[in-house]
Amino acid sequence: MKIGIIGLGYVGLPLAVAFAEAGHEVVGLDTDSQKTESLARGSSYIEDIGDAVLAPLVERIQATTRHADLASCEAVIICVPTPLTGSREPDLTYLLEAGAALAEVLRSGQLVVLESTTYPGTTRDQLAPVLEGSGLKAGSDFHLAFSPERIDPGRTDFTVRTTPKLVGGLTEACSKQACDLYDLICDEVVVLSSPEAAELSKLLENIFRSVNIAFVNELAQLCDRLDIDVWEVIDAASTKPFGFMRFDPGPGMGGHCLPIDPFYLAFKAREHDFYPEFIELAGKMNQAQPAFCAERIDRALNDAGKPVNGSKILILGVSYKAGVGDTRESPALKIATLLSELGGEVSYHDPHVAHLPQLGLSSVDLDEALATADLAAIVTAHPSLDYAAIAAAVPILVDFRGVTRGIDAGNLVRL
Ligand SMILES: NC(=O)c1ccc[n+]([C@@H]2O[C@H](COP(=O)([O-])OP(=O)(O)OC[C@H]3O[C@@H](n4cnc5c(N)ncnc54)[C@H](O)[C@@H]3O)[C@@H](O)[C@H]2O)c1
């Protein structure tokens, strides 16, 4: 088959690779010419896709910025960003722009699948009318379906192939086409009754995590007041073989999904005069967690007789999760900003993030920074760092990830 992919980011590129590895031709389109040029050279910009993986596939992945190249594809998958506006409402600009550009070249009989995470109704009520600008009718002249992406950057135990794929088409024929498409690269495809059910399933998966993370973060704050070790409590509860699922507290949620998706559903609910309190509360709680962490650092310095103002604070790990370099919505950015606003001299070390243009900072040499820091804080625990050595090298080490459990040192402060 020849498959078009619009948006070659964390979702689109692994998908392009999966189809190419399965022997299919891919037309990968991105508005960012740096990405398409990089791909044409066989050079990957996504950590999970090594150049060695990409190089043999270059012949099969045609990277382009021209929508006309999509006309020859049997199926086109849309993987563009779905962020929030400044007032935290769904921002479908990228999606609608991608849809309008695709409409210009859409052909009868093509299948279009939306993979970007969004609220129920987007495929039918937003994307279909834009694509119908082509003069073709969704569900009869061309097929249309939603299929949520479930990729988890940095994860190696589940792949595009081994993670079951959900699809929901506008019609039964749309679902069948989408199912046949993903059968090419996935071991299991699960067909739902509608795009709306598929859209909501993805939000359920992410909001389930958001609510549970908010809950353990609240528990961590309570344990701080009660002077109980939250990690010991979670370890203990996790010994129950049924009816409990472990979630770990941390500095707050980051990435392109968990901090954003709950607001997509809350927006849709409000349109129906429904105010989803769990979802809103979890979002609120998780957004407040970085402020709690900044305050915890403030207290740790205060206990040592130092103010934040003028103290050298080294943040360890600024990406939103361990092992990746993605800093989108990373809580480290908020923590660093809050401490800088209090006059702290904030620097960071992250083997995956060389520069943080948002804060005008670059990753510093670890040993040099530890030698002069008043306090270091583990915000994202990249596995490559030696935390016992770090604890020995710095006056105070604050750990928001629980990775210093088992290290015997008097200068440790854990969430
Ligand atoms: N990153 C994840 O882990 C993940 C997991 C599941 C679902 N998702 C969802 O998938 C979607 C994409 O996320 P991502 O992380 O891949 O984003 P990304 O920013 O990494 O990639 C999106 C790409 O789309 C391109 N783009 C933007 N507008 C375009 C347009 N009009 N035409 C063509 N290309 C365009 C951008 O240049 C970028 O390269 C989002 O809806 C996200 O919520 C992401």
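## Basis of the report

Residues are classed by relative accessible area: buried means under 20%, exposed over 50% and partly exposed in between, with a 1.4 Å probe and protein chains only. The model is predicted, with local features needing pLDDT of at least 70 and side-chain atom pairs counting only at pLDDT 80 or more, while totals for chains, interfaces and linings use all residues. Residues are numbered from 1 along each chain as its sequence is written, and side-chain values use heavy atoms, without hydrogens and water.

## Aromatic pairs

Rings of Phe, Tyr and Trp (its six-membered ring) pair if their centres lie within 6.5 Å; planes under 30 degrees apart are stacked, over 60 edge-to-face and the rest tilted. Tyrosine 119 and phenylalanine 267 form a tilted pair, because their ring centres are 5.3 Å apart and their planes stand at 45 degrees. Tyrosine 119 lies in the loop between β5 (111-114) and α5 (122-131), and phenylalanine 267, 148 residues away, in helix α9 (residues 261-271). Tyrosine 119 is buried at 6% relative accessibility, as is phenylalanine 267 at 18%. Ring pairs join Tyr119, Tyr264 and Phe267 in a cluster.

Phenylalanine 208 and phenylalanine 247 have ring centres 5.7 Å apart and planes at 70 degrees, so this pair is edge-to-face. Phenylalanine 208 is partly exposed, with a relative accessible area of 39%, whereas phenylalanine 247 is buried at 8%.

## Charges over rings

A charge sits over a ring if NZ of Lys or CZ of Arg is within 6 Å of the ring centre and within 35 degrees of the ring normal. Arginine 88 lies over the face of phenylalanine 263, 4.9 Å from the ring centre. Lysine 165 lies over the face of tyrosine 182, at 4.6 Å from the ring centre.

Definitions and conventions
Helices (H or I, at least four residues) and strands (E, at least two) are DSSP runs, numbered from the N terminus.
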